[in-house]
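Please open the structure in your viewer and keep the selection panel at hand.

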Amino acid sequence: MIKYTLRRLIQAIPTFFGITVFSYLLMAAAPGGPVAALTFSPRMTVAQRELVAKRLGVNDPLPVQYLRWLLGDDWMRWDSDGDGTADGSFLLALDVDNDGEPEPPGQNRGILRGDFGDSFFYRRPVIQMLGEKVAATLELGVSSLLFGLVLGVPIGILAAVYKGKWFDNITRVLAVVFNAIPIFWLGLILLLIFGSWLGWLPMGGRTEMTLTGGVPPIWERWRFLILPTFVLATGTIAIYSRYMRASMLDVMTQDYMRTALSKGLSGRNVWFKHGARNALIPLATFLGPQITGLLSGAAITETIFSWPGLGRFAVQAVIAQDYPIVMTVVIVGAVATMFGYILSDVLYAVIDPRIRFD
Amino acid sequence: MTAQPSVAKLAIEPEEKRIGISLTQLALRRLRRDRLTLVALTIVALMALMSFSAPFISNVLNISYTQTDATRTFLPVGAEGHPLGTDDLGRDHLARLLYGGQVSLSVGFLAATVAISIGVTLGIITGFYGGFVDDFTNWVIATLNSIPSLFLLLIVAAVLQPSPTTLILVLGFLGWTTTTRLVRGETLSLREREYIVSARAIGASPLRIMFVHILPNLFSIIVISLAIDIGALILSEAALSFLGLGIKPPTPSWGNMLTGAQTYFTRGVHLVILPGLMIFITVLCLYVIGDGIRDAFDPTAKD
């Protein structure tokens with residue numbers, strides 16, 4: 001099993017490489033690039049603009065820039081005697097602008113070593129800012145996933161047991177309906193009904209606004225979680241119920257189900273103890289796709305409900321063209337997805353003894 | 001597929017009444033009896049017809065989607081001169097829905113066409129040749145699929161600052177992966193069939209085999225994917241425009257008409273409900289059509 005996991009990890013390397021190349025090229029292709037985003041102020045002089053460009057190193061060859069972003073530049077231009085100016089370099093010229101003065105040594109450690117740079121606008125390390133947002137998104141993501149499972153799986157089982165009956169038909173229609181609803185509109189409508197008209201639930205946010213700030217424990221602010229969780233979980237419910245139904249129907253034709261029924265066990269016992277347990281196994285493979293789905297959904301859901309998480313943060317960064325944040329969110333999201341896929345494959349192989357590691 | 005002309009010829013002869021019909025003919029016959037799909041088709045056709053006759057309808061009702069009126073904002077549905085009320089700037093809501101529909105429907109349709117064209121071409125080539133092309137394409141697909149789709153769209157949209165044209169290209173160039181996989185799988189099985197082997201034996205070029213012998217057999221997959229993709233891409237466009245990164249105001253689209261809808265809750269509920277309802281109905285109908293066509297083309301289905 002360790003061998004299998006390792007092989008899956010190694011297979012993920014080219015994909016990770018592809019993601020970094022793709023997102024770097026995208027940023028480089030932006031009109032004006034990061035310099036334009038940083039030097040937006042009309043009062044900035046051409047000389048200042050060039051200084052910013054030099055600091056960001058946007059005039060270096062593209063592959064060098066990419067390497068710097070990936071692995072940092074402290075090994076490209078270094079200062080071995082500690083006088084503040086670089087005295088050795090690799091891949092880069094010591095004195096890029098030919099003013100006779102060597103450039104300062106590289107400070108950047110690159111994303112592979114955990115240095116995602118500073119936000120353009122907040123001037124703070126991106127990874128630190130992300131750390132502050134991740135809890136809110138995890139809270140929303142986990143509660144949606146749980147809610148989706150708790151609702152989706154029983155619906156799927158019942159739809160399979162009552163195949164062709166009204167319950168099955170209704171859930172089938174609902175699955176299509178919820179697939180076709182734009183989730184931002186569903187969120188708006190729910191806010192309109194439960195927030196604005198009935199006043200039962202808050203209009204958004206993660207907690208009451210207080211002067212001191214801070215987030216109280218979850219049982220004091222569960223009302224804030226209801227609507228965003230439901231909106232984000234609709235996709236999960238639809239997917240899990242449909243696949244659970246298919247998987248359950250598959251299991252119900254197995255010999256051991258007939259054996260259990262023929263030895264006189266009650267239908268309920270057979271369906272839930274013998275059937276549902278085995279039908280749950282294939283659902284393990286949905287973890288990977290679920291993570292991308294939840295992250296995509298979070299961007300919209302968090303924006304509507306003013307939920308202070310990663311998704312909303314990413315949308316705001318994209319609008320503000322704060323590239324370091326955008327790139328970091330993409331890389332982190334993609335890595336989470338890749339691990340989700342690997343985890344679900346390994347999990348699947350662990351719980352289903354028929355799958356062999358080879 | 002090469003047998004079709006002779007079948008058609010036979011059909012003209014009066015004695016030969018009972019001849020086999022092709023899967024496409026069978027599917028059309030099934031579709032004609034499938035009420036739900038027909039209703040969905042009609043609704044989508046009506047939506048498209050009304051949206052694209054927006055200038056005419058606006059003329060007849062004497063409404064305008066650009067004319068603002070500061071004294072007549074947030075008029076409710078049924079107000080005099082404005083059948084569906086007015087928005088926050090006093091523009092006629094019906095006219096904006098019609099013009100917005102024009103944008104949303106054409107972006108969805110054209111983007112899906114781009115996506116399907118890329119997907120089908122790549123799918124046939126990778127399925128037919130395999131090898132390096134196949135591996136490379138799979139790598140690109142794996143890469144694209146591991147970035148959460150909306151983030152991907154957001155970044156590309158932010159970088160390109162889209163006009164409707166670039167938005168179509170962005171949605172198209174990022175949305176081909178599912179179709180490629182479907183077509184690739186089908187091509188893999190088709191290329192082993194006897195008629196392909198015989199075409200190869202009589203010396204048909206790979207290009208001819210791919211586009212004359214394999215492509216027509218992908219017809220059902222293409223039509224189904226098109227219906228589903230138009231729906232999915234209308235949803236993507238709406239989400240992007242809602243977030244302010246798709247179609248930019250003042251050009252209306254069903255998505256960007258909902259931007260800032262929270263502020264209309266107390267003053268104009270119709271501004272919140274109607275644009276979303278249009279998206280929902282259109283996408284639902286497209287999904288129903290896709291499902292209907294899939295069932296109609298299912299060779300194992302009982303008739």
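How many residues does the contact take from chain A, and how many from chain B? Chain A contributes 43 residues to the contact, and chain B contributes 39 residues. Please note that the model is predicted.

Keep both chains in view. Together, chain A and chain B bury about 3600 Å² between them, and carbon and sulfur atoms account for 84% of that area. Next, select A:Phe184, A:Trp185 and A:Leu188. These three residues supply 17% of the area that chain A buries against chain B, more than any other three residues. A search for salt bridges across the interface of chain A and chain B finds zero.

Now hide chain A and display chain B as a cartoon.

Then display the contacts within chain B. Of those between residues at least 6 apart in sequence, 71% join residues at least 24 apart. Chain B has 303 residues, and 48% of them count as buried.

Switch to a surface display. The accessible surface of chain B comes to about 14600 Å², and 65% of it belongs to carbon and sulfur atoms.

Finally, colour the charged side chains of chain B. There are 21 positive and 20 negative side chains, and the centres of the two sets lie 3 Å apart.

Methods. Residues numbered from 1 in each chain as written. Chains lettered and ligands numbered in written order. Predicted model: local features only at pLDDT ≥ 70, side-chain atom pairs only at ≥ 80, totals over all residues. Heavy atoms only, no water. Buried < 20%, exposed > 50% of the residue type's maximum accessible area, 1.4 Å probe, protein only. Contact = heavy atoms within 4.5 Å. Areas by Shrake-Rupley, 256 points an atom, 1.4 Å probe, with all protein chains shown as cover. Lys, Arg positive; Asp, Glu negative; His and termini not counted. Charge placed at Lys NZ, Arg CZ, Asp CG, Glu CD. Buried area = accessible area lost by both parts, 1.4 Å probe. Salt bridge = Lys/Arg side-chain N within 4 Å of Asp/Glu carboxyl O.
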